[in-house]
Amino acid sequence: MSQTQGEIWKEWAVAAQKGDKKAYNNLLSEVAVYVRNVIVSGLANPDWADDIVQDVLISVHKSLKTYHDDRPFKPWLMAIVGFRRTDFLRKHYSKRQDQRTSLEDPEFLTSHVTNMGGEGELKDIENALSSIPEDQQRVFKMIKIEGYTAKEVAQEMGMSESAVKVSAHRTQKKLQKMVG
Amino acid sequence: MGKESNQSIEDLIGGLSNDLKPIKPLKNTALRIIPCMGTCVLYMALVVSWIGVRPDLMIKFSEVSFVFEITIMSAVWLSAALCASCLCFPDMRGHHWAPAVPITLFGVFLLWSTLRAFQEGVYMPEIHWDHCFVEGLLMGGVPGLAMTFSAWRGNTTQPLWMAAMTALSVSALGYVGLRVTCMVDTVGHSCIYHFIPYVVAGACLGMAARFVYRW
């Protein structure tokens, strides 16, 4: 009977615990590809996948002693993958890296970046916005276009949070009247 | 970028394979925790004998409610320690239900304490520095360290749960020790002086969990 991928990895993991470097190399090579395929679709930036894969491989190396052959290999691996993925994203979200992406992957651009052919359609809005006082323009752009929170804009502009929200709301109303 | 990242992963795999040495798998959950729990029991026995048991202990052991309290908190200690041992494995060795046991037992204890409070009255004491704080920290210090060292030998993927189970286990053990040494039986005294130090210590451990249990 042919073995499943999980059973093969289990054998390689047990062999690796005994010091079999070839089996370990095969295991890590296949695990790297598998983990990358599993995590890449759930990431905002596909470039992060390789960093997470490296973290997972190092974690597998450090925690190999916690694997027992009376348990299937994949749940053990996926527990580590979930842990490292969450760790990585937590670090990046705290640095607002979720707001940055890669421009080097054309497939990612076509699937994730919308309205690629729509440059210039927003000219009416841009013209209307330029007629509004600079401070109000800046607040509006930061909240509505760049995606900052009201708290962050308030800190940047030296205003209160409620003043920021009121300013953004009024600017939006003005723009709606101008553009129609 | 793709070729470079593939190369760096291949280099990493090559490096890790070269570094590989034969390793002995960690012992299973129960076997791992036995030395730690044995140390805790021995330590507690020494501390309790040093502080001195309450003079009416034999009389209290004839009371069903006292025996029930000691038994259930001992069960919380044991189950939380076993759960913490499971948490040393990334996949908890499949025992994802393990935290439910000490939490349920602790819930039963809290419910029972609430009923006791309604029946007997709470008798909330004045808050001041009490000998129970010091004795509680003395009883919980070494077991807490022992469990943390045991956790460091493993690789947990759930540091917050690990902190919670460690705190629960140490609290339960300390509570049993304090009930055996402290003569005050009111619910209010138990809550403030037997529990609060452990709650505070547990909260601190919880906040630092990702740092304490990182690997």
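How much area is buried between chain B and chain A, and what share of it do carbon and sulfur atoms give?

Modeller: Happy to! This is a predicted model, in which local features need pLDDT of at least 70 and side-chain atom pairs count only at pLDDT 80 or more, while totals for chains, interfaces and linings use all residues. Residues are numbered from 1 along each chain as its sequence is written, chains are lettered from A and ligands numbered from 1 in the order in which they are written, and side-chain values use heavy atoms, leaving out hydrogens and water.

Now to your question: about 3,000 Å² is buried between chain B and chain A, with carbon and sulfur atoms giving 65% (buried area is the accessible area, with a 1.4 Å probe, that two parts lose on being put together, summed over both). In contact here are 33 residues of chain B and 35 residues of chain A, contact meaning heavy atoms within 4.5 Å.

Between chain B and chain A there are 2 salt bridges (a side-chain nitrogen of Lys or Arg within 4 Å of a carboxyl oxygen of Asp or Glu). Asp91(B) pairs with Arg71(A) in a salt bridge, their closest N and O atoms lying 3.5 Å apart.

On the side of chain B that touches chain A, helix H1 (residues 2-19) of chain B gives the most, with 10 residues (helices are DSSP runs of H or I, at least four residues, numbered from the N terminus). That side of chain B divides into 15 nonpolar, 10 polar and 8 charged residues; Ala, Val, Leu, Ile, Met, Phe, Trp, Tyr, Cys and Pro count as nonpolar, Asp, Glu, Lys and Arg as charged, and the others, Gly among them, as polar.

Terms used. Helices (H or I, at least four residues) and strands (E, at least two) are DSSP runs, numbered from the N terminus.
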